[in-house]
Amino acid sequence: MNIALLGYGKMGKTIEQIAIKRGHNIVLTIDKDDNDYDITTADVAIDFSIPNVAFDNISNCINNGVPVISGTTGWLDKYDEAIALCKEKKGGFIYASNYSLGVNIFFELNKTLAKMMSTLDQYNVSMEEIHHTQKLDAPSGTAISLADDVISQHNAYSNWELDKKTADDVIPIAAKRIENVPGTHTVDYDSEVDSISIKHTAHTRHGFALGAVVAAEWLVGKTGVFTMNDVLNIG
């Protein structure tokens with residue numbers, strides 16, 4: 001399989017290593033300042049770029065018939081446009097805030113716990129995410145996904161806010177940046193008498209990178225908009 005890497009930072013380089021070990025070819029590596037390239041040399045593209053170029057990368061792939069998976073966060077104000085373009089062009093597209101198998105299982109645990117806790121109004125929900133100091137957006141896309149999933153299952157919450165809680169129906173998300181932390185996410189339910197927490201800790205980037213390559217392998221030859229639940233057949 002010929003793979004284009006759109007974004008060639010630490011994650012892109014880790015994806016490259018894993019893809020080659022799995023027998024694939026990297027035919028294109030695009031850094032954030034590159035905009036003149038032929039995406040049609042690739043069978044599939046993996047986008048881990050930066051927020052202000054992600055939508056252009058995704059659109060370029062879809063317009064040229066190249067299926068694309070994206071793990072870039074911070075661009076989702078244009079997500080609906082990407083979905084509409086994919087459907088119009090009959091392309092293949094996967095977006096995930098996190099491609100780790102463990103995190104996607106964690107997503108399902110989070111939804112299940114939120115549903116179980118939805119009738120217990122004595123518990124207040126809060127979240128914390130910790131990432132490396134090079135991460136550009138806050139809160140992380142994974143934290144936003146976790147918060148959105150709680151909101152979908154728990155009728156006491158309708159929004160999230162970064163580092164604060166201005167209303168009872170708001171989930172506060174604390175975002176910390178610490179050197180060399182790949183990613184840690186915690187969901188807490190606190191009451192006066194006890195606390196319940198679920199936590200996912202990534203030890204390296206390899207889990208994210210492997211999941212991205214597996215998703216790219218799965219997407220080739222398919223048309224439509226998919227999620228990691230489709231790739232992993234969970235949820």
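## Surface patch

Patches are made of residues with over 30% relative accessible area and no salt bridge, with like charges joined within 9 Å and nonpolar side chains (Val, Leu, Ile, Met, Phe, Trp, Tyr) within 5 Å. In this predicted model, local features need pLDDT of at least 70 and side-chain atom pairs count only at pLDDT 80 or more, while totals for chains, interfaces and linings use all residues. Residues are numbered from 1 along each chain as its sequence is written, and side-chain values use heavy atoms, with hydrogens and water left out.

Leu-101, Ile-105 and Leu-109 make up a nonpolar surface patch with about 280 Å² of accessible area together (Shrake-Rupley method, 1.4 Å probe, only the protein chains shown counting as cover for residues). Leu-101 is in helix α4, residues 101–117; helices (H or I, at least four residues) and strands (E, at least two) are DSSP runs numbered from the N terminus. The relative accessible area of Leu-101 is 48%, which is partly exposed (buried is under 20%, exposed over 50%, partly exposed in between, with a 1.4 Å probe and protein chains only).

## Nonpolar core

In soluble globular proteins, nonpolar side chains tend to be buried together. A nonpolar core is here a set of buried Ala, Val, Leu, Ile, Met, Phe, Trp, Tyr and Cys residues joined through side-chain atoms within 4.5 Å. The largest such core has 24 residues, and Ile-15, Ile-46, Ile-69, Ile-94 and Tyr-99 have the most contacts inside it. At least two residues of this core come from each of β1 (2–6), α1 (10–21), β3 (44–47), α6 (206–219) and α7 (228–232). The most is given by α6, with 7 residues.

## Aromatic pairs and charges over rings

The whole structure contains 6 aromatic pairs. Rings of Phe, Tyr and Trp (its six-membered ring) pair if their centres lie within 6.5 Å; planes under 30 degrees apart are stacked, over 60 edge-to-face, and the rest tilted. Trp-75 and Tyr-95 are edge-to-face because their ring planes stand at 85 degrees, with the centres 5.8 Å apart. Trp-75 lies in the loop between β4 (68–70) and α3 (79–89) and Tyr-95 in strand β5 (residues 92–95), so the pair ties together parts 20 residues apart in sequence. Trp-75 is buried at 2% relative accessible area, and Tyr-95 is buried at 13%.

Trp-218 is partly exposed at 23%, whereas Phe-226 is buried at 16%. Lys-222 lies over the face of Trp-218, 4.3 Å from the ring centre (NZ of Lys or CZ of Arg within 6 Å of the ring centre and within 35 degrees of the ring normal). Lys-13 lies over the face of Tyr-8, at 4.2 Å from the ring centre.

## Salt bridges

There are 5 salt bridges, each a side-chain nitrogen of Lys or Arg within 4 Å of a carboxyl oxygen of Asp or Glu. One of them joins Arg-22 and Glu-217 at 2.9 Å, N to O. Arg-22 is in the loop between α1 and β2 (25–30) and Glu-217 in helix α6, 195 residues apart.

Lys-176 and Glu-128 form a salt bridge at 3.0 Å, N to O. Lys-176 lies in strand β8 (residues 170–177) and Glu-128 in strand β6 (residues 124–131), so this pair ties together parts 48 residues apart in sequence. Arg-177 and Glu-129 form a salt bridge at 2.8 Å, N to O. Arg-177 is partly exposed at 26% relative accessibility, whereas Glu-129 is buried at 0%.
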